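Please keep the sequence open while you go through them.

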Amino acid sequence: MQTTATSSSKITTRQMTLIALMTAVTCILGPLSIPLPFSPVPISFTNLAIYLSLYVLGTGKAAISYLVYLLIGMTGIPVFSGFSGGLTKLAGPTGGYLVGFIFMALISGVIMSKFQGKKVLEGAGMVLGTAVCYVFGTAWLCVQAGMNFKAGLAAGVIPYIPGDLIKIVIAIIVGSALRNAVNKIAQN
């Protein structure tokens with residue numbers, strides 16, 4: 001008996017389009033940042049774009065979307081925070097956060113898909129994914145800036161927690177609406 005790949009194992013044109021669209025959203029939101037005078041890490045909207053991608057695309061395809069964004073930025077196109085790009089950005093103080101976003105997407109996405117529609121648990125998934133991203137980012141920030149972990153937390157995590165919680169709330173509200181709109185369009 002011959003088996004063939006099912007359509008669910010292939011990425012459809014519609015899915016490729018949505019991946020490209022969410023990559024574009026990340027390329028638009030990613031460079032928008034608010035520098036803080038006391039930290040080399042600016043407030044970034046990249047994580048908001050990733051949270052929204054998780055609602056629209058699901059875990060695997062959202063991770064693909066972010067990886068495409070990361071590759072675009074690595075080529076030098078200014079899609080990273082502060083309209084920067086290139087490999088030097090990955091090697092700089094914020095590089096650990098850029099890598100950590102991959103794990104944030106995967107961890108948050110798995111939890112969000114398991115508890116889809118349960119807003120508090122979806123939010124908890126985003127919080128856990130963000131915490132893992134913080135670990136990667138803080139560890140790399142400490143290495144790059146020559147600071148201890150406590151100083152790294154003070155410079156790269158603590159000031160960002162309130163804003164990241166606000167972004168998670170926004171993602172829960174907007175993400176659910178986006179997912180519903182995309183699904184409704186797909187049915188027409």
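1. Which residues does Y66 touch, not counting residues up to four places away in sequence? Y66 touches T46, I50, L98, F101 and I102, where contact means heavy atoms within 4.5 Å.

2. Before going further, please note that this is a predicted model, in which local features need pLDDT of at least 70 and side-chain atom pairs count only at pLDDT 80 or more, while totals for chains, interfaces and linings use all residues. Residues are numbered from 1 along each chain as its sequence is written, and side-chain values use heavy atoms, with hydrogens and water left out.

3. A nonpolar core here is a set of buried Ala, Val, Leu, Ile, Met, Phe, Trp, Tyr and Cys residues joined through side-chain atoms within 4.5 Å; buried means under 20% relative accessible area, exposed over 50%, and partly exposed in between, with a 1.4 Å probe and protein chains only. Helices (H or I, at least four residues) and strands (E, at least two) are DSSP runs, numbered from the N terminus.

4. Helix 2 (residues 46–57) and helix 3 (residues 59–74) pack at an angle of about 140°, with their axes 7 Å apart; the axes are lines fitted to C-alpha atoms, for helices over the stretch in contact, and angles run from 0 to 180 degrees between N-to-C directions. From helix 2, the residues T46, I50, S53, L54 and L57 meet T59, K61, A62, S65, Y66 and Y69 of helix 3. By class, this contact of helix 2 with helix 3 has six nonpolar, four polar and one charged residues, where Ala, Val, Leu, Ile, Met, Phe, Trp, Tyr, Cys and Pro count as nonpolar, Asp, Glu, Lys and Arg as charged, and the others, Gly among them, as polar.

5. On the cysteines, the structure holds zero disulfides, a disulfide being a pair of cysteine sulfur atoms within 2.5 Å. The sulfur of C27 is 17 Å from the closest cysteine sulfur, in C133, and therefore too far for a bond. C133 is likewise in no disulfide, the nearest cysteine sulfur, that of C142, being 14 Å away. Both cysteines are buried, C27 with a relative accessible area of 18% and C133 at 3%.

6. One backbone angle deserves a look: phi of F83 is near 55°, a positive value in a residue other than glycine. Most residues other than glycine have a negative phi. F83 sits in the loop between helix 3 and helix 4 (87–91) and is exposed, with a relative accessible area of 54%.

7. S39 lies in the loop between strand 1 (33–34) and strand 2 (43–44) and counts as buried at 11% relative accessibility. Leaving aside residues up to four places away in sequence, S39 touches A155 and Y160.

8. Finally, N183, found in helix 8 (residues 161–187), is partly exposed, with a relative accessible area of 38%. N183 and V56 are 127 residues apart in sequence, yet 8.7 Å apart in space, C-alpha to C-alpha.
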